[in-house]
Amino acid sequence: MRKYIFIVFFAAFFSHTVLAQSYPNKPIKMIVTNPPGGSSDIMARILAQKLSDVWKQTVLVENKPGAAGSIGMVYAASQPPDGYSFLFGAQGSTIVTPLLSKVPYDMAKDFIPLNLIATGPSVLMVNAASPYNTAQDLISAAKAKPDEINYGSGGVGTAAHLGAEMFNNLAQIKTVHVPYKGGIAAINDLAANQIQFSFTDPAPVLSFIKSGKLKALAVTSAKRFPLLPDVPTFIESGVPNFITVNSWGTYAPAGTPAPIVRQMQAGIQKAMTDPDLVKRYAEMGFEAQNISADEFKAFLASENARYGKLIRDNRIRSE
């Protein structure tokens, strides 16, 4: 019996090792839970291009938006655990949404963390014709008209949703959430003056700001944002303790063999050091990350604890 167990174990180990040595030998699919055109999609496509160069195989981006990321998350979790499909996951669907409500996936059981990809702040946006020129203008109006001012986000549990709810709680105001199927839809409605404000990643709104359709009131970083140097932080705007960053990471389906996981992590880590990728991410307002697998796991644990506490303390609930 012991001999049989050893043979089975050795055969499995040998097959996984051989598989890893030949990996990858066909195109790879990167699943994005956001629609085309947003920050997650843009970053994923830049990374896919660099990974295609690293792996000498085509890396295809497949968008699976909807249900605050749950559709894409379930789809990614159901892929064969062979290294030829992996998730490019935003903070909302991988960290925040599971803390806010019951979701049809389990990050601990359904996914293996691969690499932290990028971090970046959010910016508070209003229409260019809005009477609000500072965060305090908006706060004063919201206090005078509770539950009358609305904001848009890419869906329940997204970074934009949580950012606005944190803003509500820290500024002690009440505003109404209008969820959209993706952040771009919310920004388009903000530009059309259909909603009053929104929190968003910088990349999708820089062109709106330059064209005079939108204006930025404050950023969630601890220091001023390099691409919007004239926009104050929330701390400068009189909202203490409002510092938060968005994050993006990659994840393999649970069950992916360890040798393949290491190959994927090494390839992604190499791509993240590409000077062109680092530059293009910076131009979008994001900081490319290049940390170890253990450091990524520690980051996820810290973010889960931090957002869990914020959600509990501020009684934030999904809609």
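Met-30 is buried, its relative accessible area being 0% (buried means under 20% relative accessible area, exposed over 50% and partly exposed in between, with a 1.4 Å probe and protein chains only). This residue sits in strand β1, residues 28–32 (strands, E, of at least two residues and helices, H or I, of at least four are DSSP runs numbered from the N terminus). The model is a predicted one, in which local features need pLDDT of at least 70 and side-chain atom pairs count only at pLDDT 80 or more, while totals for chains, interfaces and linings use all residues. Residues are numbered from 1 along each chain as its sequence is written, and side-chain values use heavy atoms, with hydrogens and water left out.

When neighbours within four places in sequence are set aside, Met-30 is in contact with Ala-44, Leu-47, Ala-48, Leu-51, Val-59, Leu-60, Val-61, Glu-62, Phe-86 and Phe-88 (contact means heavy atoms within 4.5 Å).

## Ser-198 in strand β8

Ser-198 belongs to strand β8, residues 197–200, and counts as buried at 2% relative accessibility. A polar atom of its side chain lies 2.8 Å from the backbone oxygen of Gly-152. Beyond four places in sequence, Ser-198 is in contact with Val-123, Leu-124, Met-125, Gly-152, Ile-187 and Leu-190.

## The largest pocket

The largest pocket holds about 610 Å³ of space, and of the 39 residues that line this pocket, those closest to its centre are Asn-34, Gly-154, Thr-158, Gly-182 and Gly-183. On a 1 Å grid over the protein atoms alone, a pocket is an open set of points with protein on both sides within 12 Å along at least five of seven lines, a cavity is a set where a 1.4 Å probe fits but cannot get out, and lining residues have an atom within 4 Å of a point.

Helix α8 (183–191) gives the most to the pocket lining, with 4 residues. By class, that lining has 16 nonpolar, 21 polar and 2 charged residues (Ala, Val, Leu, Ile, Met, Phe, Trp, Tyr, Cys and Pro count as nonpolar, Asp, Glu, Lys and Arg as charged, and the others, Gly among them, as polar).

## The cavity

A search of the whole structure finds 1 cavity of 30 Å³ or more, and about 40 Å³ of space lies in the largest cavity. Its lining includes Gln-91, Ser-122, Met-166, Asn-246 and Tyr-307, and α7 supplies the largest share, 4 residues. The lining residues divide into 5 nonpolar, 5 polar and no charged.

Conventions
Grid points are joined across faces, edges and corners, and a volume is the space filled by probe spheres set on the points. A polar contact is a pair of N or O atoms within 3.5 Å; within protein, one must be able to donate a hydrogen and the other to accept it, and residues adjacent in sequence count only if both atoms are side-chain atoms.
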